[in-house]
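Please look over the following structure before reading on.

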Amino acid sequence: MAISDVHETSVAGDGANHSSLRQRHSRVASSGGNMFDEAEASAEAVMIASSGSDDSLNEKIGAAREEKVKERQKQKEEDRKPPDHASRNEVQDGERAAAGDNFTYRASVPVHRRIKDSPLSSRNIFKQSHAGLFNLCVVVLIAVNSRLIIENIMKYGWLINSGFWFSSKSLRDWPLLMCCISLNLFPLAAFMVEKLAQKKRISEPVIFLLHTIIMTGEILFPVLVILSCDSTFLSGLTLMMVACIIWLKLVSYAHTSHDLRSLSLSIEKGETLPNNLNMEHPYRVSFRSMAYFMVAPTLCYQPSYPRTPSVRKGWVFRQLIKLVIFTGLMGFIIEQYMHPIVQNSQHPFKGNLLYGFERTLKLSVPNVYVWLCMFYCFFHL
């Protein structure tokens with residue numbers, strides 16, 4: 001009987017514990033507990049059911065539950081603390097993004113959120129983008145010059161003469177054509193000088209003297225041909241542009257070759273070069289590099305150049321069209337504005353100096369436009 005009483009008592013106690021645990025589990029679920037709380041309650045129920053009415057185990061479970069309650073209260077207190085500056089900005093950005101664009105352009109949205117100076121104040125005027133002001137200047141410049149062009153044409157008519165550009169001998173102007181072809185002899189002469197310098201046949205003063213003679217002859221020879229043949233404007237302009245390009249290329253070729261030669265001599269003597277000097281291209285005179293430099297669109301010589309895999313034919317065609325347009329614009333300004341002013345002017349030293357000064361100022365504006373067009377054609381196109 002005693003055994004049966006104990007068994008009934010334990011069974012009854014277990015039933016009571018199970019019922020109390022079921023009630024606790026229902027309270028946790030009804031109070032919005034998460035999955036972790038439900039799993040914790042189920043684990044406690046299994047432990048109590050397997051241990052019966054062990055008081056020591058109940059005390060341990062109660063102590064563990066109290067510690068978890070304290071941890072949760074501590075976590076809630078930390079959540080109530082105000083976030084730092086960075087997290088506060090992130091929260092504000094998130095709230096602002098979640099609000100959407102519905103309230104972005106409303107009149108109630110504050111525009112001034114912090115203290116700052118006006119963009120046109122003396123403190124901020126040079127910190128702003130002036131693209132709009134630049135566009136305004138371009139529009140005003142185009143409008144003013146268009147008015148002057150229309151006024152000039154209405155007053156004097158179309159002054160451009162085809163003889164200024166072409167003449168009966170323009171297409172058969174053989175002296176200028178032969179002069180343009182013969183300009184290739186000067187780069188060949190500069191190459192021979194550098195070849196002799198590489199073999200150490202001539203000294204540095206002789207190299208400098210020979211390069212000076214070659215460059216001087218290259219720029220004076222076409223001038224003498226143009227003056228002696230009385231060529232037309234377009235033919236003479238083309239020849240002089242080619243001559244100036246070759247002259248600048250020869251200057252760069254002589255200068256760079258001298259520098260590479262000096263560095264090579266320093267290396268042969270065992271001198272230590274600075275780290276900022278790039279000697280990936282040693283001094284080596286090559287006819288191939290010289291020939292490519294003469295046709296490359298650059299005025300700075302170096303033994304090798306970075307190149308695209310293929311020739312950009314569309315880009316070359318666009319540059320050619322721009323060259324034709326800006327050359328025509330130069331001719332229009334010279335023929336329509338500058339040539340009549342010069343023809344109708346008297347010599348300033350034989351007449352009124354004030355009148356000569358006025359003529360000079362009148363020529364200054366079209367001269368600036370011609371200079372800009374020539375600079376763009378010469379150094380870019």
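**Questions and answers on the model**

The protein chain holds 13 helices and 0 strands, where helices (H or I, at least four residues) and strands (E, at least two) are DSSP runs numbered from the N terminus. This is a predicted model, in which local features need pLDDT of at least 70 and side-chain atom pairs count only at pLDDT 80 or more, while totals for chains, interfaces and linings use all residues. Residues are numbered from 1 along each chain as its sequence is written, and side-chain values use heavy atoms, with hydrogens and water left out.

Q: Which residues does the UniProt annotation "transmembrane region" cover, and how far apart are the end C-alpha atoms over residues 233–251?
A: According to the unreviewed UniProt entry, the annotation covers residues 133–154, 174–193, 205–227, 233–251, 320–339 and 359–379; such positions are given in the numbering used here, feature names are shortened, and annotations may be inferred rather than shown by experiment. Over residues 205–227 the model is 100% helix and 0% strand, with 33 Å between the end C-alpha atoms. Residues 233–251 are likewise 100% helix and 0% strand, and their end C-alpha atoms lie apart by 27 Å.

Q: What share of the 381 residues in the protein chain is buried?
A: Buried means under 20% relative accessible area, exposed means over 50%, and partly exposed lies in between (1.4 Å probe, protein chains only). By that rule, the buried share of the 381 residues is 22%.

Q: Which residues form a nonpolar patch with about 600 Å² of accessible area together?
A: Patches are made of residues with over 30% relative accessible area and no salt bridge, like charges being joined within 9 Å and nonpolar side chains (Val, Leu, Ile, Met, Phe, Trp, Tyr) within 5 Å; the areas come from the Shrake-Rupley method with a 1.4 Å probe, and for residues only the protein chains shown count as cover. One member, Trp371, lies in helix H13 (residues 353–379) and counts as partly exposed at 47% relative accessibility. The patch on the surface consists of Val368, Trp371, Leu372, Met374, Phe375 and Phe379.

Q: How many residues apart are Glu151 and Arg147 in helix H5?
A: These two residues form a salt bridge, their closest N and O atoms being 3.0 Å apart; a salt bridge is a side-chain nitrogen of Lys or Arg within 4 Å of a carboxyl oxygen of Asp or Glu. Glu151 is partly exposed at 41% relative accessible area, and Arg147 is partly exposed at 48%. Within helix H5 (residues 131–156) they are separated by about one helical turn, because their spacing is 4 residues.

Q: Which residues are linked with Arg261 in a network of salt bridges?
A: Arg261 forms a salt bridge with Glu204, with 2.7 Å between the closest N and O atoms. This pair links distant parts of the chain, 57 residues apart, with Arg261 in helix H10 (residues 233–268) and Glu204 in helix H9 (residues 204–229). Arg261 counts as buried at 6% relative accessibility, whereas Glu204 is partly exposed at 32%. The residues linked with Arg261 in the network are Glu194 and Glu204.

Q: How many disulfides does a search of the whole structure find?
A: A disulfide is a pair of cysteine sulfur atoms within 2.5 Å. The sulfur of Cys229 is too far for a bond, because the closest cysteine sulfur, in Cys179, is 8.5 Å away. Cys377 is also in no disulfide, the nearest cysteine sulfur, that of Cys373, being 6.5 Å away. For the whole structure, the number of disulfides found is 0.
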